[in-house]
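Let's take a friendly walk through this model, starting with a single residue and moving on to the core, the helices and the ligand.

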Amino acid sequence: MTWLKNVLNISVDELYKNWDYHKWCIEAGWMDGPIAYTTNWVSDNFKPGTEVADVACGNGQLGIGFSNRTANSLGYGNNDFVIDGYDINAKMLDTFEATNYRSTSLHDMNNNSLPRKYKCITVIGAFNKSHINSDSAKMFAESLEDDGLLIASVSIVDKEDPLELMGWRTQEHLEIVSEESIKSLITPDEGQKYHIMAVFKKK
Ligand SMILES: C[S@@+](CC[C@H](N)C(=O)[O-])C[C@H]1O[C@@H](n2cnc3c(N)ncnc32)[C@H](O)[C@@H]1O
């Protein structure tokens, strides 16, 4: 089994238990791929001050990405967005590395809408078979403002269309607005992998 398939077969608790995840993000190119793509997208599509729900926030990789933007003088950066982080895994929140979130909360997006609505929701690294599935589309739609947008990364395994495979194209609650395949991470056995960056709005 490939490294990526193995990762997607392990339960969330088991997967992150002994993984120095942020170190891996830097080494595997995740920060320069999906995270940088998302901070650019948020900055291009929302005004400073917009409240962002970072679902499956991990150790705060998105917030760290905004700090990196400031360091690189790319425009909106560190504290221009008000970020609330949500994650199902206490270990990830206990080892949080970002310092620019308004709040972090334990939350299972497969079963619950967010406690309030947002104009912008990010879900990076979690639309896959062991994390967040397309039954959560209802919960995401209930958590988005009517004019809100959600951006998610979706892993490509075996060259099949992951949006089709996971049911994101056929669910009733969210419409796909755009999708783009980008370089996402380098795995030990398969080298360069790609993710689809998909943007959704409420149907
Ligand atoms: C690969 S990490 C991504 C972290 C960060 N967003 C990033 O891009 O680096 C996936 C995260 O999804 C979280 N997660 C998995 N299932 C979830 C669920 N049902 N609801 C909320 N978070 C979930 C995991 O605990 C983990 O922190």
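Two residues are in contact if their C-beta atoms, placed from the backbone, lie within 7 Å. Please keep in mind that the model is predicted.

## Tyr 101 and its contacts

With that cut-off, and leaving out residues up to four places away in sequence, Tyr 101 touches Gly 60, Gly 63, Ile 83, Asp 84 and Gly 85. Tyr 101 is part of strand E3.

Tyr 101 has 17 C-beta neighbours inside 10 Å, so it counts as partly exposed. From Tyr 101 to Leu 150 there are 49 residues in sequence and, C-alpha to C-alpha, 18 Å in space.

## The nonpolar core

Leu 150 brings us to the largest nonpolar core, which has 39 residues; Val 55, Ile 121, Val 123 and Leu 150 touch the most other members. Strand E4 gives this core its largest share, seven residues.

Val 123 is worth a look of its own. Setting aside residues up to four places away in sequence, Val 123 is in contact with Val 55, Ala 56, Ile 132, Leu 150 and Ala 152.

## Helices H4 and H5

Helix H4 runs over residues 31-45, and its 15 residues should span 21 Å at 1.5 Å a residue; the C-alpha atoms at its ends are 20 Å apart, which agrees. Buried in H4 are Gly 33, Pro 34, Ile 35, Tyr 37, Thr 38, Thr 39 and Val 42. The cover over these buried residues includes strand E1 (51-55), helix H5 (61-71) and strands E4, E5 (144-155), E6 (174-187) and E7 (191-202).

In H5, the buried residues are Gln 61, Leu 62, Gly 63, Ile 64, Gly 65, Phe 66 and Arg 69. Their cover includes helix H3 (21-28), H4, E1, strand E2 (82-87), strand E3 (101-106) and E4. Just after H5 comes Ser 73, with a positive phi of about 55°.

## Around the ligand

Which residues come nearest to the ligand? Of the 23 around it, these are Ala 56, Gly 58, Gln 61, Asn 89 and Gly 125. By type, the shell divides into 14 nonpolar, seven polar and two charged residues.

Helix H2 (12-17) and strand E4 (118-127) each supply at least two residues of this shell.

How values were computed
Residues numbered from 1 in each chain as written. Predicted model: local features only at pLDDT ≥ 70, side-chain atom pairs only at ≥ 80, totals over all residues. Near = placed C-beta within 6 Å. Helix = DSSP H or I, 4+ residues; strand = E, 2+ residues; numbered from the N terminus. Nonpolar A, V, L, I, M, F, W, Y, C, P; charged D, E, K, R; others polar. Expected span 1.5 Å × (residues − 1). Buried ≥ 20, exposed ≤ 12 C-beta atoms within 10 Å, placed from the backbone. Core = buried A, V, L, I, M, F, W, Y, C linked by C-beta atoms within 7 Å.
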